[in-house]
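Have the sequence at hand while reading.

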Amino acid sequence: MKKKTLQYILFYLVGIWGFASILICAGEDIPGQPMSDAMFYGSKLLGILSFWLCCRTGRWLNKKGLLPEIKEDEED
């Protein structure tokens with residue numbers, strides 16, 4: 001029971017991390033306070049790197065068996 005709970009906690013944490021990374025990549029600057037170009041592209045690069053790291057972490061956790069097995073229903 002505790003192992004399954006830990007697996008789902010890690011699963012949702014990695015999912016939230018990935019979603020936050022996508023939001024950083026898709027975000028814009030505040031209309032009243034524009035960012036410099038370097039800061040804008042730097043934040044996008046940070047979001048992409050964070051998403052890449054999230055995917056790598058998820059693959060590693062899955063390989064170690066720390067994420068739950070998700071069974072998908074097959075539709076004909």
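The model is a predicted one. With a relative accessibility of 70%, E72 counts as exposed, because the cut-off for exposed is over 50%.

## The positive patch

Which residues form the positive surface patch? They are R56, R59, K63 and K64.

R56 is located in helix α2. Its relative accessibility is 45%, so R56 counts as partly exposed. The class called partly exposed covers values between the limit for buried, under 20%, and the limit for exposed, over 50%.

## The nonpolar patch

Charged side chains are one part of the surface description; nonpolar ones are another. A nonpolar patch on the surface is made up of Y8, F11, Y12, I16 and I70. Taken together, these residues have about 510 Å² of accessible area.

I16, one of the members of this patch, is found in helix α1, which covers residues 2-26. Is I16 buried or exposed? At 56% relative accessibility, I16 counts as exposed.

## Aromatic rings

How many aromatic pairs does a search of the whole structure find? The search finds four. For F40 and Y41, the ring centres are 5.4 Å apart and the planes stand at 75 degrees, so this pair is edge-to-face. The reasoning rests on two cut-offs: ring centres must lie within 6.5 Å to pair, and planes over 60 degrees apart count as edge-to-face.

Y41 has a relative accessibility of 57% and therefore counts as exposed. Elsewhere in the chain, Y8, F11 and Y12 form one aromatic cluster. Y8, F11 and Y12 also belong to the nonpolar surface patch described above.

I24 is a residue of helix α1. At 40% relative accessibility, I24 counts as partly exposed.

How far apart are I24 and L46 in sequence and in space? In sequence, 22 residues separate I24 from L46. In space, the distance from C-alpha to C-alpha is 8.1 Å.

Note on methods. Residues are numbered from 1 along each chain as its sequence is written. This is a predicted model: local features need pLDDT of at least 70, side-chain atom pairs count only at pLDDT 80 or more; totals for chains, interfaces and linings use all residues. Side-chain values use heavy atoms; hydrogens and water are left out. Buried means under 20% relative accessible area, exposed over 50%, partly exposed in between (1.4 Å probe, protein chains only). Patches are made of residues with over 30% relative accessible area and no salt bridge: like charges are joined within 9 Å, nonpolar side chains (Val, Leu, Ile, Met, Phe, Trp, Tyr) within 5 Å. Accessible areas come from the Shrake-Rupley method with a 1.4 Å probe; for residues, only the protein chains shown count as cover. A salt bridge is a side-chain nitrogen of Lys or Arg within 4 Å of a carboxyl oxygen of Asp or Glu. Helices (H or I, at least four residues) and strands (E, at least two) are DSSP runs, numbered from the N terminus. Rings of Phe, Tyr and Trp (its six-membered ring) pair if their centres lie within 6.5 Å; planes under 30 degrees apart count as stacked, over 60 as edge-to-face and the rest as tilted. Lys and Arg count as positive and Asp and Glu as negative; His and the chain ends are not counted. The place of a charge is taken as NZ of Lys, CZ of Arg, CG of Asp or CD of Glu.
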